[in-house]
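Please have the viewer open as you go through the points.

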Amino acid sequence: MVKLTTRHTALISVFAALYYVLSIVSPYVPAIGVPDIKIQLEALIASVFGLVLGPYLGFLAALMGAFVAWVLPPGSMSSYGMPFLLSPPLNALVVGLIYYRKWKQAFVTLGVLIVAFLFLPPSQPLTEFWYVSVAVIWDKVIALLLIIPSAKFAKHFSSPKSISILYFLLAFIGNQADNMWGADIFAVPIVYNGIFAIGDIAAVQGLFIISPFIYPAIRLIQAVFAAIIAVPLLPALRNAGWILQEKTIVD
């Protein structure tokens with residue numbers, strides 16, 4: 001765990017402010033069948049937070065940024081956005097864990113999020129509604145399996161010409177952790193019934209079944225943009241001494 005210093009606090013504040021600014025200017029994609037849920041495209045920057053600040057400071061920066069974006073306009077403390085506040089921080093956490101040589105913790109974190117869905121109401125009984133779980137987790141399982149090769153073979157992508165591939169893979173994994181938390185928390189009755197007033201579990205299951213047709217594509221697009229941002233940004237911040245001075249998987 002990184003000891004929190006005044007400099008770290010300043011960096012967290014700067015990146016949290018960046019997140020809020022992006023939340024104002026970035027477009028969003030309404031969730032299929034639940035337009036009150038907005039897939040915030042600025043959440044992709046959380047992957048960059050994990051690369052720059054590491055897993056724990058990146059988590060705090062993304063959490064603060066997401067909270068401020070929820071409290072202040074255009075968020076304005078909407079009850080619909082509150083359950084998903086942990087999505088961007090988990091993105092930063094998982095990316096940072098992998099990049100800073102703690103890939104096993106990242107694997108466990110994403111793995112737990114995936115397994116949790118199997119025990120939530122839309123998947124129960126699993127023997128009958130297994131297809132709901134498959135629809136939700138298939139792309140997350142791919143992301144989970146990508147963690148090991150991304151960490152083990154990162155040095156092969158460390159050249160300036162190929163580093164973007166590594167950043168893309170890490171951002172894809174992080175965004176899938178973001179998405180998995182969103183699926184988990186929406187599958188909790190107090191959320192889908194209490195907040196979104198969807199009382200019919202069959203309707204909730206229907207929303208999850210159609211999810212594979214759009215959400216993986218969104219995560220791929222977010223990963224592409226995160227990689228585009230990270231490629232020039234990380235060397236610049238490293239030269240300026242802003243990046244966490246610890247060994248990474250490309251060192």
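1. Trp130 sits in helix H5; helices here are DSSP runs of H or I with at least four residues, numbered from the N terminus. This is a predicted model, where local features need pLDDT of at least 70 and side-chain atom pairs count only at pLDDT 80 or more, while totals for chains, interfaces and linings use all residues. Residues are numbered from 1 along each chain as its sequence is written, and side-chain values use heavy atoms, leaving out hydrogens and water.

2. Trp130 also belongs to a nonpolar surface patch of about 690 Å², along with Leu126, Tyr131, Val134, Trp138, Ile142, Ile209 and Ile210. Helix H5, residues 126–152, gives the most to this patch, with six residues. Such patches take nonpolar side chains (Val, Leu, Ile, Met, Phe, Trp, Tyr) joined within 5 Å, from residues with over 30% relative accessible area and no salt bridge; areas come from the Shrake-Rupley method with a 1.4 Å probe, and only the protein chains shown count as cover.

3. How many salt bridges are there? The count comes to two, taking a side-chain nitrogen of Lys or Arg within 4 Å of a carboxyl oxygen of Asp or Glu.

4. Lys140 is buried (under 20% relative accessible area) at 4% relative accessibility, and Asp139 is buried at 2%.

5. Arg219 and Asp178 form a salt bridge too, at 3.9 Å from N to O. Arg219 lies in helix H9 (residues 215–239) and Asp178 in helix H6 (residues 163–186), so the pair ties together parts 41 residues apart in sequence. Both Arg219 and Asp178 are buried.

Methods. Patches are made of residues with over 30% relative accessible area and no salt bridge: like charges are joined within 9 Å, nonpolar side chains (Val, Leu, Ile, Met, Phe, Trp, Tyr) within 5 Å. Helices (H or I, at least four residues) and strands (E, at least two) are DSSP runs, numbered from the N terminus. Buried means under 20% relative accessible area, exposed over 50%, partly exposed in between (1.4 Å probe, protein chains only).
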